[in-house]
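Subject: Structure handover

Hello,

Here is the structure I promised you. My notes on it follow below.

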Amino acid sequence: MEEQLAQLLAATQSSSDAPRKQAEQQLASSYGHADFPLGLVAIASHESVPLNIRQSALLYLKTFVLAGWSPQFDEFKGQILISDENKARIREALLEIATHNHLDRKVKTAASYVVSKIASVDFPEQWPDLLSKLMHVIPNGTDGQLHGALKVLDELVDDGLNDEQFFAVARDLVKVVYDVAVNDARKATLRALAVGVFRGCFDILEMVMEDHKAAVKAFADEVLSQWLPFFISVMKMGLPNPPSKQEESEDAPNAETHRGMVSLKLQVVKVLMRIRSVFPAMLSPQSPVLFSATWEELSSLQAAYHQMYIEEDRDSRLEDADGLPYTLDFLVLEELDFMQACLRAPPVRSELEQQLQNQQGAEGSWVTEVMKLAVAYAQITTEEEGLWNVDVNIFLSEETSVTANYTPRTACGDLVIKLGEWLTQPTVEGLLSYTRSLYSTTPSWKAKEAALYILNQLLGDFQDVDKQIGPDAAKGFIDFIRYAMQQPDVFLRARGHLVAGSLTRTSGGALQEVATSFLEACLHAIPNDDSDVVQVSCIRALQYYLQALPSTITQPLQNSIITAISTYLQGQDMQELAESDDLMVTLVETLRDAILLDIRICLTGTGLDLLFTVASHGANNFQLTMLVNETFEDVTSQIAALGGDAYINLCAKVLPSLTGAFDIGNMTEENALTNLAAELLSVLAEHGSEPLPNGFVQATMPKLNRLLLGSSDDELLKSATMAVKNIIAHDHQQLFEWRDETGKGGLEVVLVIIDRLLSASVSDTAAGEVGALAAEVVEKAGGERLGPYLPQLLRAVAVRLGSATHAAFIQSLTLVFARLSLANAGEVVDFLSQLDLDGVNGLQVVLSKWLENSINFAGYDEIRQNVIALSKLYDLKDPRLSHIQVKGDLIVPQDGRIMTRSRARANPDQYTVVPSPLKILKVLIVELSGASGSNRQIDAAAAAAAAEFADEGSDDGDWEDEPNPFEDLSSAMSKEQLMAFANDEPGMSRQQDNETQAFLVDFFGRAAQTEGFREEYEALTLEEQQRLRDMS
């Protein structure tokens, strides 16, 4: 069977679909064969079998084990496929593979993973000697055996042991890996693996600490007293000289030694960071020693790092087959982060503050030395330089911090930011002092760029927290910026422009004298500089100037700014540009800021055309389309407010572009472009004049009608529906008088659209706005014009409301009846009570959905309309309403058991049943609380949470073991409120609504005098009664 299995495993790696799928099916059909798992184990253990087949055998074995070994696995398929006898053979064989002396590391790693999976369900009952065997191999085995045993142990600690199993062996386990870690005779990579196993222990300790705090802390204190001296000694241990590039490629002995020591040091830093996150107070007394050792090491590694990554292009961010990082850049990155963490430790701060008080001036202070360190590691690497020269979008993504690529350069920025949060003025002065020294002594453009990059990061943080740089310091950087702008080195020149903008933005008015010349230099560079990086940097820097400088400076340059961007775009291949998401967003942001200087340019200049051009090529970029929408809404609303012919002129300018986009989108089947055009058309109509300009309906309705009757795209249908609704709201007469190409009147066209959107073939999401459209049609057309179509329309709305499940869709449909009830609630009840919807009374269907969902409605106008409509229904005192029974209050289980997902499925929520007038009162009491702003306590508590969790520079709480007071969910803010706030649920963040509150206070005052209210009041919960008493 082994030979056949090996052939099948080889076939699963075929590039051809048919043989691969056939082999996969044959393997799956072999699950029931008793020898199948034994054959896979045998293949994995044969050194003569190719490595990829052995790895594949273990991968299939893992899948098989999860499916048929034990019901405790989530992936278990319902039948145990292995006998107990074969299980024992497989366990022993896998452990032998994992701890073999000579087998390939990848095979041993794969075997270790399967061992840990089996151990998670079989240890200790069915596999009692597993740990004792590992504990024997680790101190006594060869390097190959030790490697395998550590991998198995690492997998067990990570995934195979529960807390009880861990604590039964914890002391022995920690001792055995400690002995490996401190053993200089062992390879450094094996010592690093041992430290990694120890780090994994802290995940288990953290999980059980809440229930066993004293015991866990005592255990941690005991083991750390042994391990910390070792960690400190490793931190202080010097690294051997780095190997040459050739020695690295040839895997020379010194290259292997260097990699091993880097791995060991790196694992030590990682475990120190982990200890700090779980037991910070235990590490705090050692923080000055650790901080000093880290600083010394980073200082000593500068030359090697510079040689390998700034001058040469060595491989970076590499891990070995065991997942151990081993390149120097990884070590530098971890140590920069650890140094930043140590800066927040109270003993370190106390000592550094004392040193600062004893020093005179910034020159020579430890802060300046930190700047020297940060600038050294923030220099652009050779790899980055090559990437950014080829793809400016990568440069921009790093610049705008949207990249997930965290490098020593970004870590240095973070380090200085944290220092600036703690010691603002000394940080700025220290950076200025070192920059002066640097610019006067070094020829390196990379070092000069790095100093300005660090300043840029610091200024960005200042902007985020509304902090300004002092005028003297700001002026102190001017000469370095001017120098940078004029250099031949592309990235230094680009940095000069970026820092000039940032400094202008965060220095108040301190740079007014030079800001205009900086802005003009920036504008000149966009069309004239021969570097893409510089041009794009200037386009981004423009945003800073436009946000910071007075309109007297920027507005006269509006045309020049838009022309500069236009010139840049003319030199680009728009198809290629569209793939650069960050660059496209930057272009739109800068265009937005330029256009909004004076929106009248949209009527005469090319600003909007340029915006639409970029948008049409980047319609698939969600962030870009959102920006374009917001910009166009600002433009449209402001132009509409100008009055006169301004809105007419805007329509004349943009309608051809928007309707043309529908045609292009249709021809190219580019849904994103059509969606964008529909959204923008909806915005244009929303802010339209009354009446709309002549020809507006003729220009837009044929396209919208085609989309609404033919498209199945959810977002497109919603946007197009809102566009039609907004047209009716602003000029129903023009729409009703319009006829399509078949002669069908506008009202009939809209009714056909509504009929399609209400049909079962259209999803709740896609039809989400049909209720608003239907309500607008009913309101504007009136019963007389609609004639027999009105009851048909309302019946269709009621039917769809009965099956609706999407909250926004339910609200949309409900508001059709709510808006009708504002004018004549009695007629609405009469109509619904006569409806028969598949044997259920229409009043029952509509009121049930209406009242069960009212408290989740969103939007001030919508909530207010709903409140008034419900009050009018209540005021009817119609006995038909009293006969309608709806869901009341949630019945809370009293058994005290935790409600798991499976229990929730088996025991769905139960509710009381109440008459609809009583439910109306319950809903309106909730709305009274919302309108009075009582949920502001949630906002306040959330603000407290934000402050608690904020990583403020003055906060050293992460070096204390005290619990977070906000984690006490028995406090005034409940877990449910927290979750609702996080989900931004409707009603959870409402501000005070005086108009609705006054209406409800008056309503309850009147209702209290009516017949039957006393009985209804008694039926309210005690909390609801209290809310009414509080109101009075």
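Pro124 sits in the loop between helix 6 (105–122) and helix 7 (130–140). Helices here are DSSP runs of H or I with at least four residues, strands are runs of E with at least two, and both are numbered from the N terminus. The peptide bond from Phe123 to Pro124 is cis, with omega near 0°. The bond from Glu690 to Pro691 is also cis, omega near 0°. Pro691 belongs to the loop between helix 37 and helix 38 (696–710).

Before you go further: this is a predicted model, in which local features need pLDDT of at least 70 and side-chain atom pairs count only at pLDDT 80 or more, while totals for chains, interfaces and linings use all residues. Residues are numbered from 1 along each chain as its sequence is written, and side-chain values use heavy atoms, with hydrogens and water left out.

Overall picture

The chain has 53 helices and four strands. Its C-alpha trace spans about 95 × 80 × 65 Å along the principal axes. Of the 1032 residues, 53% are buried. Buried means under 20% relative accessible area, exposed means over 50%, and partly exposed lies in between (1.4 Å probe, protein chains only). The accessible surface is about 44,900 Å², and carbon and sulfur atoms hold 48% of that. Areas come from the Shrake-Rupley method with a 1.4 Å probe; for residues, only the protein chains shown count as cover. Take the contacts with a separation of 6 or more: residues 24 or more positions apart account for 75% of them. A contact means heavy atoms within 4.5 Å.

Two helix pairs

Helix 41 (residues 770–786) and helix 43 (residues 807–833) have axes that come within 7 Å and cross at roughly 15°. Axes are lines fitted to C-alpha atoms, for helices over the stretch in contact, and angles run from 0 to 180 degrees between N-to-C directions. The pair is therefore roughly parallel. The cut-offs: under 35 degrees is roughly parallel, over 145 roughly antiparallel, 65 to 115 roughly perpendicular, and the rest oblique. The crossing of helix 41 and helix 43 is right-handed.

Helix 20 (residues 392–399) and helix 28 (residues 532–548) pack at about 40°, axes 10 Å apart. They are therefore oblique to each other. This crossing of helix 20 and helix 28 is right-handed. Val392, Phe395, Leu396 and Glu399 of helix 20 meet Asp532, Val533, Val536, Ser537 and Arg540 of helix 28.

Single residues

Which residues does Ser682 touch? Ser719, Met722, Ala723 and Asn726, leaving aside residues up to four places away in sequence. Ser682 lies in helix 37 (residues 671–686). Its relative accessibility is 9%, so Ser682 counts as buried.

Ala641 is in helix 35 (residues 622–642). At 65% relative accessibility, Ala641 is exposed. Ala641 and Thr257 are 384 residues apart in sequence and 73 Å apart in space, C-alpha to C-alpha.

Asp251 has phi near 55°, a positive value in a residue other than glycine. Asp251 is in the loop between helix 12 (245–249) and helix 13 (253–278). With a relative accessible area of 44%, Asp251 is partly exposed.

Best regards

How values were computed:
Left-handed = near helix turned anticlockwise from the far one by under 90°.
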